[in-house]
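Trainee: Could we go through this model together, asking of each label what stands behind it?

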Amino acid sequence: MKWKSLGSIAGILISGSLFFASCVQKNYYNVQPDPGNNTNTAYYFDEEFNGADDYGWSFTAAADSAYASISGGSYQYVDYSALRSSMTFVTTGADVHNNFTVTTRVRSNNVIGLIFGASATSNGYAFYIDTAGNYALYQQGNGVNASIPIIPFTQDTLYAHKNDWNTLELDQANGVWTGFINGTQVFTMAARALGGPGFGYKILPGTVGYADYLTVKNN
């Protein structure tokens, strides 16, 4: 695994209170939608984190006190740094310019986020959840610019499980984003342009996080 400088496209994310970031770019999954269909294309990506690491999720960055691996049927993501955060994603073949749904099940001892819409030139967006049941939506920075809060951390004790597994879902349908926690809608807003079909995870400093599965489908 090669870690590049903060100014490059691929690298480990730096984050303080403003969530500074750069990107870990993967290209192991490269199925493209049918170019003859310029509407919604039947497509389904399913990562269960069982068995071999087929898409290159694993890495070790000793200098940044971070590593990730697939073990015991889940994706374990560790960041012991006091200042740095980490992000990984894989490039899927989903058509993010039309309707899609991304779903994952996660837990952590601090803050973990679902990354969507990432590319070689954009870190996309992060749908975060923490152990207290707070959620947030951020546009990710790029190593030079800070991340931007779209929905600041918001308390959601009714639907989010504290210190436990939570299912996050982001739907893009007819120009609208809708976020769900454990099957219950928690926000809706006008969709924004996405850089590409990259999906994955971000954890903040001092976090041990886990993901049980990741699915992406065009609707």
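Trainee: What share of the contacts in the chain with a separation of 6 or more comes from residues 24 or more positions apart?

Mentor: A contact means heavy atoms within 4.5 Å, and residues 24 or more positions apart account for 62% of the contacts in the chain with a separation of 6 or more. Keep in mind that this is a predicted model, in which local features need pLDDT of at least 70 and side-chain atom pairs count only at pLDDT 80 or more, while totals for chains, interfaces and linings use all residues. Residues are numbered from 1 along each chain as its sequence is written, and side-chain values use heavy atoms, with hydrogens and water left out.

Trainee: How many helices and strands does the chain have, and what makes a run count as one?

Mentor: Helices (H or I, at least four residues) and strands (E, at least two) are DSSP runs, numbered from the N terminus, and by that rule the chain comes to 0 helices and 15 strands.

Trainee: Why is A61 called buried?

Mentor: Buried means under 20% relative accessible area, exposed over 50%, and partly exposed in between, with a 1.4 Å probe and protein chains only. A61, found in strand β2 (residues 59-61), has a relative accessible area of 5%, so A61 counts as buried. Of the 219 residues of the chain, 54% count as buried.

Trainee: Why does N134 also get the label buried?

Mentor: N134 has a relative accessible area of 14%, and therefore N134 falls under the limit for buried. N134 is found in strand β9 (residues 134-139), and, not counting residues up to four places away in sequence, N134 touches Y128, I129, F153, T154 and Q155.

Trainee: What makes β7 and β8 a pair?

Mentor: Two strands pair if DSSP finds at least two bridges between them. Strand β7 (residues 111-118) is joined to β8 by 6 bridges, so the two pair, and they run antiparallel. Within this pairing, V111 stands opposite D130 in β8.

Trainee: Which strands make up the open sheet, and why are β5 and β10 placed at its edges?

Mentor: The open sheet has 6 strands in the order β5-β14-β7-β8-β9-β10, with antiparallel pairing. β5 (86-91) and β10 (148-155) each have a single partner strand, so one side of each is left without a neighbour in the sheet.

Trainee: Which strands pair with β11?

Mentor: Strand β11 (residues 166-173) is joined to β6 by 7 bridges and to strand β12 (residues 176-181) by 6 bridges, and both pairings run antiparallel. E169 in β11 is the bridge partner of T103, and the partner of E169 in β12 is F180. β11 and β12 form a hairpin with 2 residues between them, and N174 in the turn has a positive phi of about 55°.

Trainee: How many cavities are found, and what makes a space a cavity?

Mentor: On a 1 Å grid over the protein atoms alone, a cavity is a set of points where a 1.4 Å probe fits but cannot get out, and lining residues have an atom within 4 Å of a point. Grid points are joined across faces, edges and corners, and a volume is the space filled by probe spheres set on the points. A search of the whole structure finds 1 cavity of 30 Å³ or more, and about 50 Å³ of space lies in the largest cavity. Its lining includes V106, R107, S108, I129 and D130, and the largest share of that lining, 3 residues, comes from β6.

How values were computed: On a 1 Å grid over the protein atoms alone, a cavity is a set of points where a 1.4 Å probe fits but cannot get out, and a pocket is an open set with protein on both sides within 12 Å along at least five of seven lines; lining residues have an atom within 4 Å of a point.
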